[in-house]
Amino acid sequence: MKMDGGVAGALFSPRSIALVGASSDPSKHTSLPLQYLAQHGYTGRIFPINPNRKTIGDLLCHPSVAAVGETIDQAFIMLPAPMVPAAIRDCASAGVRVAVILSAGFSEVGEQGQRLQEEMLAEARRGGVRLVGPNSLGMVNFVDGVAVTANEVFSIPTLPKGRLALVTQSGSLLGALVSRAAGRSIGFSKMVSVGNEADLGVGEIGAMLVEDDDTDAILLFLETVRDADCMRAMAIRAHEKGKPIIAFRLGRSAVGEKLAMSHTGALSSDGAAIDAFLADIGIMRVDQIETLLEAPALVTGCKPARGGRVAVMSTTGGGGGLVVDALAERNVDVVAPDRAFIDLVAGRGITISDSPLIDLTLAGARADRYGAVLEALRDSPHCDAVVAVVGSSAEFRPDRAVQPIIDLSHRIGKPLAVFITPQAEESHRRLRAAGVATFRSPETCADALSAALRRRPPVIRARKGDAIPMPDLSGFGAGQLPLEASLKVAAAFGAPSPAGVTIPAMDAYMAEDMPIRLSYPAVAKIVSSDIPHKTEAGGVIIGARSAVELAEACGAMVRRVRQRRPDAVLEAVRIEAQETGLAEAIVGFRIDPAVGPIITVGAGGVLAEIYRDIVLRPAPVDRQEAMEMIGEVRAFAAIRGYRSLPLGDVEALAAVVVSMSRLACVENARVIEAEINPVLVKPEGEGVVALDALFVIGDPAS
């Protein structure tokens with residue numbers, strides 16, 4: 001699709017542009033868009049808007065957009081923030097379709113700025129104007145020479161054209177990525193800085209780029225997710241079109257952890273929920289900014305790997321070892337050649353060992369030997385992807401090891417990544433021209449390959465359908481549910497709690513205060529809505545062997561908690577018989593502010609936040625997904641039959657995960673954060689038990 005109509009056309013291929021707040025002073029950023037449009041060959045009409053000047057250069061200045069008297073596709077607004085709403089109103093009266101707003105000082109600066117942004121957006125919606133920004137550094141269409149931006153990197157003589165599109169939430173990264181890409185002979189089709197995403201955002205603009213005939217892959221530089229549903233729709237369409245989306249996400253917020261009441265909230269609020277969401281919608285997430293530029297060739301136009309086994313071949317043991325180490329650090333399965341492969345290449349006069357690194361040594365830097373091994377790896381069923389490492393010959397004799405890669409690249413049929421140990425710019429250029437993914441460091445090579453192997457098709461998640469029956473919460477106000485109510489909700493999800501007795505919280509007890517019919521050993525827990533994490537306040541005791549011992553321990557516990565948390569209201573003490581099992585799990589649910597409902601399962605207990613051995617998915621999930629999640633938790637290997645250890649009831653645990661995830665389907669469920677921790681997993685066939693639970697609910701729907 002050529003962008004010659006509609007919002008996409010007005011944004012990326014405008015036939016006319018109004019530069020609102022344009023300046024003739026070359027020292028000001030507001031003069032740059034006019035310079036860049038002229039420099040890079042824009043052929044449409046340009047209208048500088050500045051009531052204080054009659055001309056800028058040889059162009060007539062207009063006091064307002066409406067005064068131009070012509071229909072204008074796009075306005076680039078460079079005014080102080082308080083003047084922007086009126087400028088949008090002016091644009092609307094002139095029929096402007098898209099306004100890109102450079103101005104800062106809106107929602108990013110606080111409540112006053114947020115109100116100004118809302119006023120601006122209201123003007124746009126009344127007038128039918130679509131907005132990019134505010135706080136946007138603009139848009140560049142490299143193919144057609146349209147540079148509507150104030151980023152100074154576009155002072156470059158020519159725009160490096162290519163088939164990658166970039167959507168970034170950080171405007172300054174436009175210049176950084178253009179500069180870094182140019183050093184790799186990588187070009188772009190289009191770039192957009194979305195800023196605050198008051199209106200058009202990553203998802204909607206990305207959807208335009210998915211339909212763009214000049215774009216093969218889309219790169220995202222993200223700080224957060226502002227419209228999860230729109231991004232999911234964009235990713236699904238990109239998958240249908242065969243266009244990979246690759247994302248780099250900046251920063252992990254510690255603020256979210258402080259705001260979360262449950263372990264689940266802390267474990268999913270540091271960006272892990274966004275990462276899980278990106279994986280769920282089929283977007284590759286890379287860890288290094290350089291990988292964002294180098295990875296597209298690994299997946300563009302290529303079939304996904306059938307599995308996760310990677311073979312590494314090299315002419316340099318050291319260089320190959322660097323890649324093997326980097327892959328291993330990312331838990332990528334680097335496989336040694338099997339006997340059939342060793343015998344196959346031996347028949348071609350090449351001797352290799354059964355080491356995970358196929359080290360051809362210096363003798364392998366010959367076209368016939370390197371090509372023979374690469375061709376054998378292409379056909380071998382023992383690996384699903386290949387990393388080809390080339391040493392110094394890449395810089396001085398590319399015909400030896402680099403040319404065989406180029407010759408075979410279109411017939412490999414599985415992901416192929418090339419790491420070149422020296423600088424070797426000519427070899428990198430040749431490989432890129434042939435469409436081969438080439439990397440300048442072992443870390444970016446491993447980062448890209450790991451992300452490619454994890455990539456899956458987008459999941460279609462329906463948040464309608466059957467939901468687990470919920471206990472009546474209408475009698476509770478917003479906040480943390482009492483323990484007894486939380487345990488009832490947990491039981492509804494398939495995790496019943498042990499029978500227990502609640503007694504008043506006192507500083508001292510007698511043996512006769514303890515429950516008469518109680519099996520020992522016993523446990524006791526403080527009950528307080530002010531203390532979500534009992535162990536941190538010293539509010540849990542275990543292993544009491546008699547009524548006397550339990551009474552003494554309960555009194556000591558209450559006194560200890562009062563000392564540590566004098567602000568807390570201690571409502572009661574809950575006493576239960578101590579349960580035994582094979583493992584402790586945490587199952588959690590949270591409405592993430594960025595990506596919506598998230599379900600979590602992982603190693604539980606008091607050390608859940610320390611080990612962070614958890615797996616997240618957008619909710620809801622089905623049984624198969626729940627079992628896959630449990631399979632990814634390292635600590636659960638012990639209950640999945642590792643080395644003949646007793647099997648745990650993982651089916652029962654999976655049922656709890658599925659049931660809790662169905663909170664995403666409950667209309668007006670009110671549950672905004674939930675956690676059963678620990679869930680005690682008993683032997684196979686004996687179920688699970690909720691030893692503690694925490695549910696946080698919001699206000700009733702109005």
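Me: How many cavities of 30 Å³ or more does the structure hold?

Reply: Rolling a probe the size of a water molecule over the atoms shows where empty space is left. A cavity is a set of points, on a 1 Å grid over the protein atoms alone, where a 1.4 Å probe fits but cannot get out, with points joined across faces, edges and corners and the volume taken as the space filled by probe spheres set on them. The structure holds one cavity of 30 Å³ or more, and the volume of the largest cavity is about 60 Å³. This is a predicted model, in which local features need pLDDT of at least 70 and side-chain atom pairs count only at pLDDT 80 or more, while totals for chains, interfaces and linings use all residues. Residues are numbered from 1 along each chain as its sequence is written, and side-chain values use heavy atoms, without hydrogens and water.

Me: Which residues line the largest cavity?

Reply: Lining residues have an atom within 4 Å of a point, and here they include Leu298, Cys302, Lys303, Pro415 and Arg455. The lining divides into seven nonpolar, no polar and two charged residues, where Ala, Val, Leu, Ile, Met, Phe, Trp, Tyr, Cys and Pro count as nonpolar, Asp, Glu, Lys and Arg as charged, and the others, Gly among them, as polar.

Me: How much space lies in the largest pocket?

Reply: A pocket is an open set of points with protein on both sides within 12 Å along at least five of seven lines, and the largest pocket holds about 1,800 Å³ of space. Of the 46 residues lining this pocket, Ala279, Arg454, Val615, Arg617 and Glu632 are the closest to its centre. By class, its lining has 18 nonpolar, six polar and 22 charged residues.

Me: What is the count of salt bridges?

Reply: Side chains of opposite charge can pair when their charged atoms come close. With a salt bridge taken as a side-chain nitrogen of Lys or Arg within 4 Å of a carboxyl oxygen of Asp or Glu, the count comes to 41. One of the pairs is arginine 130 with glutamate 204, at 3.1 Å from N to O. This pair links distant parts of the chain, 74 residues apart, with arginine 130 in strand S7 and glutamate 204 in helix H6; helices (H or I, at least four residues) and strands (E, at least two) are DSSP runs, numbered from the N terminus.

Me: In what order do the four strands of the open sheet lie?

Reply: Two strands pair if DSSP finds at least two bridges between them, and the order here is S22-S25-S23-S24, with antiparallel pairing. Strands S22 and S24 are the edge strands, each pairing on one side only.
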